[in-house]
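User: I would like to go through this model with you, piece by piece. Could you take my questions as they come?

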Amino acid sequence: MIEFTFWDIVRNLLFAARWTVLLSLAAFVGGGVVGMVVLFFRIAGNKWARRLASGYIALFQGTPLLMQLFLMFFGLPMLGLRIEPWTAAALGLTFFASAYLAEIWRGGVDALPRGQWDAGASLGLHYLQELRLIILPQAFSITRAPTVGFLVQLIKSTALTSIIGFEELVRTSNAINNATFEPFTVYGLVALIFFVMCFPLTQYARSLERRATTN
Amino acid sequence: MGYSLDFGWLADATGAIARGAATTILLIAVTTLAGTFLSILGAAGRRNGPLLLKRAIGVYVEIIRNTPFLVQLFFIFFGLPSIGVRLDPVLAAMLAMTLNMAAYTIEIVGAGLDAVPRGQTEAALALGLRPRQVFVKIVLPQALKVIFPALTSQIIIMMLESAVVSQIAVRELTYEADMLQARTFRAFETYFVVTMVYLVLSMGLRRLLVSGGRRALGAGVS
């Protein structure tokens, strides 16, 4: 039997936290890209495109993330794809994030006065140019606080990927706990590591929010 | 030939799914009541309590909001017994859910309390109501009306997050799904059906809360 000292536990947890960070980043970037596509559909002129995007968002916001991960993990192999926990986790969180980010950014687009679109059109810009040069930069800038806030939620959500077998912080802590029988210390440390990752971002989101309201 | 879907097991499984859904509903009902009550106390304490209490509530809110619910659940269920607090899974789940939800709703309720004009309190005091009556009868109903949509969203988020309490063997909807797929070997179909049940639950819960809120708090609740 291997003896774990306190520092062994800390070191192992910190190593595992790399995967939590990496997964959060992958899902945030992937979710941003897919979320942009969903956003285009959500604000499109075509009614069916808008409905499709609304349905997509409602589906992901109305079902548990854990179920989405299970469906990813058990569903993709049926399409003939070999799937590892990492792929299922990254893809599942990407789709989850895309729905939330699209909805946040749509709020930003909706908040812009109609005149912004009209002004763009009167300058002779076509639809995509209007979006790229006028609408999206402003929409992103006013939704920066909720976007950072969602990143915090995403980091916390990576904990669920432990359940489908991805070796991140929580799964490693379960293994360490089974070896050391010190759940109080182990889960306390895990909570602390998550707190250290999330708290600065929460504070940053709050300061962005304050800046937005004072302007 | 690829995989073919098979829903033949569903007829025998409806009982288990219904039982699981009932437990999920029970969990969220208890959490909603206890969490809202706790957050009203918390929000009031954070505004009018002694400095130490204000600080403590602030720390509690930050800790809960910046750590995953799953870790909080494990800490309560696996960690607390080592300092002598042993809870059965259902109680641990209810406690974790309530503590988690309250941390979010304390801020929501607080924003609602701030939105009630100061003159309302002054007018009520001038009419001779005692401070507690002013809070319960004048300020709180107006605050709840303002925050009702945000509160509704938070309750639904909590209901969806309750799926993870299956990990400490609470026999709710996700736990039943795990059991079913282990028996039928139809993992994708099982989780698909259960996901749809969750979708129906969250849509139904939203409708219920909005119409119930309208009845209890009067018109103007969206």
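User: Apart from residues up to four places away in sequence, which residues does Gln181(B) touch?
Analyst: Gln181(B) touches Arg186(B), Ala187(B), Thr190(B) and Tyr191(B). A contact here requires C-beta atoms, placed from the backbone, within 7 Å. Please note that this is a predicted model, in which local features need pLDDT of at least 70 and side-chain atom pairs count only at pLDDT 80 or more, while totals for chains, interfaces and linings use all residues. Residues are numbered from 1 along each chain as its sequence is written, and chains are lettered from A and ligands numbered from 1 in the order in which they are written.

User: Where does Gln181(B) lie, and is it buried or exposed?
Analyst: Gln181(B) lies in helix H7 of chain B. Helices (H or I, at least four residues) and strands (E, at least two) are DSSP runs, numbered from the N terminus. Gln181(B) counts as buried because 20 other C-beta atoms lie within 10 Å. The cut-offs are 20 or more other C-beta atoms within 10 Å for buried, 12 or fewer for exposed, and partly exposed in between, with C-beta atoms placed from the backbone.

User: How far apart are Gln181(B) and Trp9(B) in space?
Analyst: Their C-alpha atoms are 9.9 Å apart, although Gln181(B) and Trp9(B) are separated by 172 residues in sequence.

User: What follows H7 in chain B?
Analyst: A loop lies between helix H7 (173–184) and helix H8 (187–217), and Phe185(B) is found in that loop. Phe185(B) is not a glycine, yet its phi is positive, near 60°. Most residues other than glycine have a negative phi. Phe185(B) counts as exposed because it has 10 C-beta neighbours inside 10 Å.

User: What about Phe181(A): where is it placed?
Analyst: Phe181(A) is in the loop between H8 and H9 of chain A. Phe181(A) has a positive phi of about 55° without being a glycine. Phe181(A) is exposed, because it has 11 C-beta neighbours inside 10 Å.

User: Where does H6(B) bend?
Analyst: H6(B) bends by about 60° at Ile147(B), and a proline, Pro149(B), follows within four residues. The bend is the angle between axes fitted to the seven residues ending at a residue and the seven starting there.

User: What do the buried residues of H6(B) pack against?
Analyst: They pack against helix H1 (10–48), helix H3 (69–79), helix H4 (89–115) and H8 of chain B. The buried residues of H6(B) include Ile147(B), Phe148(B), Leu151(B) and Ile155(B).

User: Which residues touch the most other members of the largest nonpolar core?
Analyst: Val190(A), Val71(B) and Leu73(B) do, in a core of 112 residues. A nonpolar core is a set of buried Ala, Val, Leu, Ile, Met, Phe, Trp, Tyr and Cys residues joined through C-beta atoms within 7 Å. Leaving aside neighbours within four places in sequence, Leu73(B) is in contact with Ala96(B), Val164(B), Val165(B) and Ile168(B).

User: How many residues does each chain bring to the contact between A and B?
Analyst: Chain A brings 28 residues and chain B brings 32 residues. On chain A, helix H3 (65–75), helix H8 (169–180) and helix H9 (183–214) each supply at least two residues of the side touching chain B. H9(A) gives the most, with 11 residues. By class, that side of chain A has 20 nonpolar, seven polar and one charged residues. Ala, Val, Leu, Ile, Met, Phe, Trp, Tyr, Cys and Pro count as nonpolar, Asp, Glu, Lys and Arg as charged, and the others, Gly among them, as polar.

User: How many helices and strands are in chain A, and how many in chain B?
Analyst: Chain A has nine helices and zero strands, and chain B has eight helices and zero strands. The C-alpha trace of chain A spans about 75 × 50 × 25 Å along its principal axes, and that of chain B about 75 × 45 × 25 Å. Buried residues make up 39% of the 215 residues in chain A and 41% of the 222 residues of chain B.

User: Lastly, what does the model score?
Analyst: The scores are ipTM 0.92 and pTM 0.92. Chain B has a mean pLDDT of 92, and 97% of its residues reach 70 or more; pLDDT is the predictor's confidence in each residue, from 0 to 100.

Terms used: Two residues are in contact if their C-beta atoms, placed from the backbone, lie within 7 Å.
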